Every structure is written in C-alpha cells, then in structure tokens.
Amino acid sequence: MALRLTRKSIAALGFASALILTGCSDTGSSTSGTDSAGSTGSASSEEGRGPITYAMGKVDSEKLIHVIDKWNETHPDEKVTFKELAGESDDQRDSLVQTLQAGNDDVDVMALDVVWTAEFAANQWLEPLEGDMAVDTSKLLQPTVASGTYNGKLYALPQNTNGQLLFRNTEIQPDAPTTFEDLKNSCEKAKEANVDCLTLQLKQYEGLTVNTLGFVEGWGGHVLDESGAPVVDSPEAKEGLQTLVDAYKDGVISKASTSATEQETHLAFTGGETSYAINWPYMYDLAKGEESKVADKFEVQPLVGKDGVGVSTLGGFNNGINVNSKHKATARDFIEFVISEENQMYFAENSFPPVLASIYDDEALIEKYPFFPALKTSLENAVPRPASPFYPAISKAVQDNSYAALTADKSVDDATADMKAAIEAAK
C-alpha cells in the first residue's frame, strides 16, 4: 500500500503518496536529435526499440509529462505516450496488476510506489535491470537503489524520493538536538512555553507504520532480515518500539499524535502548538507561510535516533519495465533518461525530491530550498520499507500492534511477538 501524504504546497515533495488519477493522454513533439543522456533517437527497426507507454497516477504526473516531452523531441521513432492511471493509490496498483497478470504489453514502463516494487518483482512482472538492461546507479542515493532491489537484484530504477525531517521551533528550542535523548531533555522548555514537545503521525494508518519503523531502525532493529524473515522481536527492535511507547506515555510525544496525520502535524507546528514536529519536507513552505506562527523562527534537521542521526522511511516512486514489453531497450533508455542531471534538476526545482545525489549540493537550489542539506542527510540514512510481496500485511501487523502498545497498555514484548506472528502468517 502507498503512503498517504497530502501535498499541501508547491513543496509537497513527492512521496509515496495518495494518488488521484484519471484518463490517459499523449504528450510530446517530433523533432530529431540527441538527448541529454547521449542517446540517439530512432531505430524502431532494431530489436526491442520503438514507441512505449508510460503509466503513472495524476499527482505529480506533470513532472513526468515534462520529461516525456523532452524525450519525444529527440526520439521521433520511439515516442513515449503517457497513460494516466485512475483512482486512488490502491486502484492504480490494481489496474497495473490486472494488466500484468493478463500478460498484456499495453504499458511498457510503470511508476511504482516504492512499496509495490517487491510484490511486482516477486511475481516476475518486472524485467530485471541486469545484463543489457543494466543501468548505472552509482551516482544515486543508495537507499533509493535499495528500494528498487528485491532478493539482491535491481528490478526498478529510482525516479524520485522523499524523507522525513525534524522541524524545530527555535523560539522555544534554540538548540538543535543531536540524539533523541537530547530531544527528550529539552521538553522542559516546551512545558514552560505551555506547548507540546513533539508531534508526529501515530494515528492508525500508514503514517504509524512509517514512524514505528523509524524508531525500530533508529535503534538498530529491523522488521525483516536480509532473507525476508521477520526479526521485529530482536532486542534492538524492541528497544526502539519501547522508546516510542515510553516517549508517548511520558508526554515527550504529544497525546494528539495518536490522532494525527501529516495534516494535523503541520497544523500543530505552524500554529505554534508543538516545539518539534516530524513531517515531510512539504511542511517547510507551510511553516514559512503568511499564516504560520513560526514563519521566522524554525529550523529543520534530519531525524534524531539513539546515537545520532535517526532513520527516515523512504517515499517516492521507482520506474519498472513490464516483462512483456516489446520495446524493452527503449524502455531501459527512457528510465535512464529520467535520472539524467537535467531531469533530476528539473524535479528538484519543482519540489519533487531527486534521486541523483549531486543535485542536493547545488548552491542555487540550497538557496531556494534551505532544507536540502538536511534532506540529503536524511535520505542518505534512510531505509526503504520492508521489501516484501506481503507488505500490506506487514504494515497492518506493525500498525495494529504498535497502536495497541501506545494506547492499550499492550507490552512491547507482546506487541513485537504478535507482529512477528502476523507477518509469518501472511507469507
């Protein structure tokens, strides 16, 4: 399932998010030449080359339509047609699954929510990116590459990404914490200011899974090991979940958090009701806005964990190639074109976090988006959500048991044991 993120501003930075989609359309013009990645445009007579169709949901699709137009200008014989998937995120996934299960080739390249990639790879619906299909990923943020990898093999190329940030009201909290213990110790200042200390998303939905995983991973634990076996009951994983539960019960985390999505979180922070907030970068523009009570008195940084920088969960999309595509060579060149410097810079300039690492060091972009250095650090230390074809069941197991530990006095030992049992039962 996709992470439901509401994009409330132009910096609604591309996340694995709720997608609302309709219809399908053609884009592009027809001139010949060479693209910025150095590919020549043409050769429909060559094996595996020719026109292709790219499928994505409506949200943020205008960024890809721009890229498609650029490709089509120099590839008159290998034009890309954009197909807009309809409905919410689950509806879009179902549409792609129906196409792939039927062995159809009407879609060549698909924008996959990062949590779909393992499922599609496990079902052998994606062409592995190896051999002649290999793409150089050495210059990409490596956690994003991991999100497109299943059982040690790359099946989808990262397109855009997202990571969480810690927002801090500097009027209340002048010093940036370096560990979660530092943050806890600073909560007295929030109490003196008569506001909550930390607000984040602990309502029982995907946001709870994301934040639970952040604590589990930030304390050295994992939900699954490299073989895909559940290890959420390890001492490290238990310590992370216990830290989250204790912080909520001790008042470090606001009581409102168990009813909070991203929207309630940003309203609390921009309204001056909480001294810290964990949220996605889209909140930066909102915090700077005219209606914000913290417009000139907040800073952002990576999340904080047990011993330093914390662990964010990744959002974003990966591009996968339909194993039944008749034009896989063109599809491979197109997804490589998407990660070219020119296109990744365009993403960054239009609030769509890129996967090309060097973009985050561009001085002009940092001036426009001062949170970019913090976001780069967040992404470099991020982890994908568990790579499993059974991800929806894993997320439900995490949500159900984490919420019970937070609100119903379920012990962390019992919560993690039940998480593990539910994950094993789903396989």
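**Cavities and a mixed sheet**

Q: Hi! What volume does the largest cavity have?
A: The largest cavity comes to about 150 Å³. Here a cavity is a set of points, on a 1 Å grid over the protein atoms alone, where a 1.4 Å probe fits but cannot get out. Its volume is the space filled by probe spheres set on the points, which are joined across faces, edges and corners.

Q: And what kind of model is this?
A: A predicted one: local features need pLDDT of at least 70 and side-chain atom pairs count only at pLDDT 80 or more, while totals for chains, interfaces and linings use all residues. Residues are numbered from 1 along each chain as its sequence is written, and side-chain values use heavy atoms, with hydrogens and water left out.

Q: Thanks! What lines the largest cavity?
A: There are 18 lining residues (an atom within 4 Å of a point), and G214, F215, I278, L303 and V304 lie nearest the centre. Helix α7 (206-218) gives the most, with five residues. Helices are DSSP runs of H or I with at least four residues, and strands are runs of E with at least two, numbered from the N terminus.

Q: How about the second largest cavity, what volume is that?
A: About 90 Å³. Its lining includes V114, A146, P384 and R385, and by class has seven nonpolar, three polar and one charged residues.

Q: Switching topic: in what order do the strands of the open sheet run?
A: The order of the five strands is β2-β1-β3-β11-β6, with mixed pairing. β2 (80-84) and β6 are the edge strands, each with a single partner, so one side of each has no neighbour in the sheet. Two strands pair if DSSP finds at least two bridges between them.

Q: In which sense do β1 and β2 pair?
A: β1 (residues 52-56) and β2 are parallel, over five bridges.

Q: Last one: which strands does helix α1 lie across?
A: α1 (residues 61-74) lies across β1, β2 and β6, at about 165° to β2. Angles run from 0 to 180 degrees between N-to-C directions, with axes fitted to C-alpha atoms, for helices over the stretch in contact; contact means heavy atoms within 4.5 Å.

Definitions and conventions:
On a 1 Å grid over the protein atoms alone, a cavity is a set of points where a 1.4 Å probe fits but cannot get out, and a pocket is an open set with protein on both sides within 12 Å along at least five of seven lines; lining residues have an atom within 4 Å of a point. Ala, Val, Leu, Ile, Met, Phe, Trp, Tyr, Cys and Pro count as nonpolar, Asp, Glu, Lys and Arg as charged, and the others, Gly among them, as polar.
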